[in-house]
Amino acid sequence: MSETSLRRLYNRNFLEYASYVIKDRAIPDIADGLKPVQRRILWSLYQMDDGRFSKVANVIGHCMQFHPHGDRSIGDALVSLANRGFFIERQGNFGNIFTGDQASAPRYIECRLTDLARETLFNKRITDFEPSYDGRNNEPVLLPAKLPVLLLLGAEGIAVGMSTRILPHNFQEVLKAQIACLKEQNFELYPDFPQGGRIDCSDYNDGHGRIRNRASIEKDGNKNLIIRELPWGTTTESVISSIEFASKKGKIKIASIDDYTTDSVEINIRLSRGVGVEEGLKRLYAHTECETFHSSNIVVIQDDNPVEISITEILQYCTGRLIEILKLELKLEINDYTERLHWLTLEQIFIENRLYKSIEECTSWENVRDSVRESLQPFLEENDLEVTEEDIDKLLALKIRRISRFDIESHRKEMGSIKTSMKHARANLRNIVRYAIDYIEMLIKKYSKNYPRLTSIEDFSDIDVKKVAIKNLKVGFNKKTGLLGTSIKGEKTFSVSEYDRFVFFLDNGTYRVVPVQDKYFIDGNVLYCGVLDKDKVFTAVYQQSKTRIAYIKRFCVESFIMDKEYMYAPEGSKVVLFTEGSEMRLDFWFQRKKRMRRRKDQCLISDYRVTSESAKGVQLCGQKIISSIKGVPTGDGEESDSTDSPEPADSYDENEAPAEEEEEQESRDENPEIEPPFPEDVIKQAEDFRANTAETLKRVEKAIHPDDESDDLFGDLN
C-alpha cells in the first residue's frame with residue numbers, strides 16, 4: 001500500500017470516527033436534548049412501561065439491544081438521568097448527590113417513567129425510526145419532546161475537536177420563557193442546580209460566559225459556620241478536603257470540622273480563637289471549594305451538524321418544534337375523529353335501515369359484498385360518503401348482539417360529541433400559538449410544584465484573595481549576599497502570604513518582580529527590595545551618560561511579567577537617587593561655573609506627577625548639571641530608604657565653561673547655605689595665602705632694616 005493510499009485511508013477512518021463520537025456519543029441533539037444513550041434508556045423504559053417499577057438491571061438488559069457500548073455506560077447514564085428527577089422515578093438507593101456516594105447495584109434498585117415523561121416525550125405515530133446497530137430492532141431517531149429538555153437537564157461532553165457544557169435550568173422558568181417566546185416578549189434564563197447554593201450571573205450572557213457558585217453558609221454564634229448547600233459539581237467530601245487543605249496551608253484557621261450530612265447538607269465548622277465569622281466566611285469563599293466557577297459553552301447537534309448557539313436560540317428552536325409537534329398531533333386527532341365519524345355513520349345506516357336483510361338470499365361471499373354495496377349506494381350519495389372494501393368487511397363482521405342491542409339515541413349522542421371535538425381540534429389548529437400557550441400553562445400548573453427553584457440568584461461582593469490571605473510566611477533579605485526567600489535570614493524580614501510578590505530595583509536602572517520562593521539570588525547592587533504594592537509610588541533621579549542632565553520620574557509598578565527584567569532608567573544612565581518616600585525634599589548642588597551666583601536649589605518630590613515606569617521623566621533644573629543631591633524627609637515618619645550621591649561637587653574647569661554665562665538674578669539679601677568647599681579650592685587658597693604671607697614678611701624685614709632710600713614701611717604696598 002502506497003503512502004498516499006494509507007494517508008487517504010487514515011483520513012477517511014479518522015473522519016468517520018470523529019463524526020461518530022460527535023453525533024452518537026458526546027454531543028446532545030437540540031431537538032430532544034438527549035444523547036443517544038439517554039434516548040435509548042428512555043425508549044426502553046417506554047417499551048417496558050406498565051405503570052410498575054422495573055429492576056434497573058432489566059432496563060439495562062433491554063437497552064443493550066439498542067446501545068452497543070456495554071451495561072456499565074448504560075447504568076451510569078441511567079443513574080445520572082434518574083437523579084435529575086424529571087423523567088425517571090426512582091425506588092431504592094440511587095446514590096447521594098451531596099456526599100458523592102455511589103448507587104447500589106442495578107439488581108437492587110428500580111425505576112419507571114414519570115408522568116411528565118409519558119406526557120411530553122413519546123408519541124409513536126409521529127416518531128421516525130431507524131435500525132439499531134445490529135439491524136434486529138428499530139430505535140427512534142429523535143423523541144418528539146415537547147419540552148426544552150436540553151435546558152432542563154443540562155449537558156457536558158467532550159468530543160473530537162470540540163466540547164459542550166450546558167448548565168441546567170429551572171422547569172417553571174424554562175416553560176414561562178417559552179410562553180414569552182410565543183408572545184414575542186423578552187425573557188432571561190439563569191441556571192438552577194440540583195444541589196442548591198447561590199449564584200452570581202453578572203458574567204453570564206445568554207449561555208455564554210461564566211457564573212460564580214457559592215455554598216450557602218449559615219452563621220451560628222461567633223465561632224461556628226454551618227454549610228447548608230453546596231456548589232454544583234462538589235460533594236461534602238471534596239468541600240471538607242479543600243477546607244482541611246487550606247487549613248494545613250495556613251490560609252484559614254479552624255478548630256474542628258464535623259459532617260452531619262444525610263438527606264440534606266450539614267457541615268459544621270468551628271473557627272479558631274481570634275478568627276471572626278465574617279473573616280472566616282471570606283476565607284472559605286476565597287481558598288476552598290465553597291466558591292466555584294462554571295463556564296458555559298453550548299455546542300449541540302442541529303440538523304446533523306454541530307453548532308454553537310445561545311440559550312435564546314435553543315429556546316426558540318424548541319418552541320418552534322413544540323408548535324410542529326402539536327400541529328401533527330392535532331391533525332392526527334382530526335383524522336381519528338373523521339374515521340370514527342365515518343364508521344359510526346355507516347354503522348347507523350346499515351343497522352337503522354336493516355340493510356343486512358339484503359344478504360339473506362345471497363349464495364356466495366362476492367354476492368354478499370355486492371349486495372351490501374348496492375344497498376348502501378343511495379345513502380352514500382345523500383351523506384357524501386365513500387365506502388371501501390374494508391368498510392364492507394367491518395359491516396359484515398357486526399355481531400347479532402350488536403345489531404339487536406343497537407341504541408339509536410346513544411349512537412347519535414356519540415356522533416355529536418365527536419363532531420364537537422373535531423370542531424374544537426380544528427379551531428386549535430387554526431390558533432396553534434394560543435393552543436401551545438394553553439398547553440404549556442397546563443404543564444406549569446400540573447408539575448411546577450414538583451420542581452421549585454433550588455439555587456438563589458444574588459450579587460456577590462468581590463473578595464480579594466490577597467487581602468483575606470493570612471500572612472503566614474516569613475521572607476528574609478540579605479543585602480550583602482543578595483539572597484531573598486523564606487529560608488533566608490537577613491537584616492530585613494517581611495511577613496507575607498503566598499499571593500504576595502516582591503519587587504527589587506538595581507542601580508543599573510533595572511527592576512524585576514518575583515514570587516515568594518524558598519531562595520532567590522539578586523545579582524547587582526540593590527537600591528530597594530520590598531513587597532510589591534501597585535499603589536506605591538517610587539521616585540528615581542538619574543543622569544544621562546552624555547549630557548549629564550538629570551531627570552526625575554515618579555512611577556508605580558502596575559503590570560508586569562513575573563521575573564522579567566524591566567528598565568526604569570535609560571540604559572547607560574547613572575541613578576543618583578532612588579526612594580519610595582513621597583514626603584521628601586531634594587537638595588542639590590550645581591556644577592561650578594564662572595560668575596555663578598547660586599549653586600544650590602531644592603524641590604519637593606510631590607511637585608512632580610506620577611507617570612508610567614517606561615516614561616523618560618522631567619528634567620531637573622533644566623540644562624544645569626547637578627554635582628550632588630540629597631533627599632531630606634519632610635514628614636513626621638522615619639526616613640525612607642534612598643540613595644544619595646556620594647561624590648563631591650565637580651571642580652571648575654575653564655575648558656568646560658560654556659560661552660553663555662547668564663545667571664538668574666538673586667536678591668542681595670538672600671543668604672543661601674554655603675556648600676562645603678572642595679579640596680581643590682582649599683589647596684589653591686592655601687597656596688595663595690602662603691605667597692601673600694611670604695611677601696608680607698619680606699616687607700616687614702625691609703622695614704626693620706631699611707635701605708638707603710626706604711622711608712615708608714608700606715610704601716610699595718597697594
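Modeller: Buried means under 20% relative accessible area, exposed means over 50%, and partly exposed lies in between, with a 1.4 Å probe and protein chains only. This is a predicted model, in which local features need pLDDT of at least 70 and side-chain atom pairs count only at pLDDT 80 or more, while totals for chains, interfaces and linings use all residues. Residues are numbered from 1 along each chain as its sequence is written, and side-chain values use heavy atoms, with hydrogens and water left out.

A search of the whole structure finds 34 salt bridges, each being a side-chain nitrogen of Lys or Arg within 4 Å of a carboxyl oxygen of Asp or Glu. One of them joins Arg-212 to Glu-291, with the closest N and O atoms 3.0 Å apart. Because Arg-212 lies in strand S10 (residues 208-214) and Glu-291 in strand S15 (residues 291-296), the pair ties together parts that are 79 residues apart in sequence; strands (E, at least two residues) are DSSP runs, numbered from the N terminus. Both Arg-212 and Glu-291 are buried.

Arg-228 forms a salt bridge with Glu-266, and here the closest N and O atoms are 3.8 Å apart. This pair links distant parts of the chain, 38 residues apart, with Arg-228 in strand S12 (residues 224-229) and Glu-266 in the loop between strand S13 (254-259) and strand S14 (267-271). Arg-228 is partly exposed, at a relative accessible area of 32%, and Glu-266 is also partly exposed, at 27%.

Definitions and conventions: Helix = DSSP H or I, 4+ residues; strand = E, 2+ residues; numbered from the N terminus.
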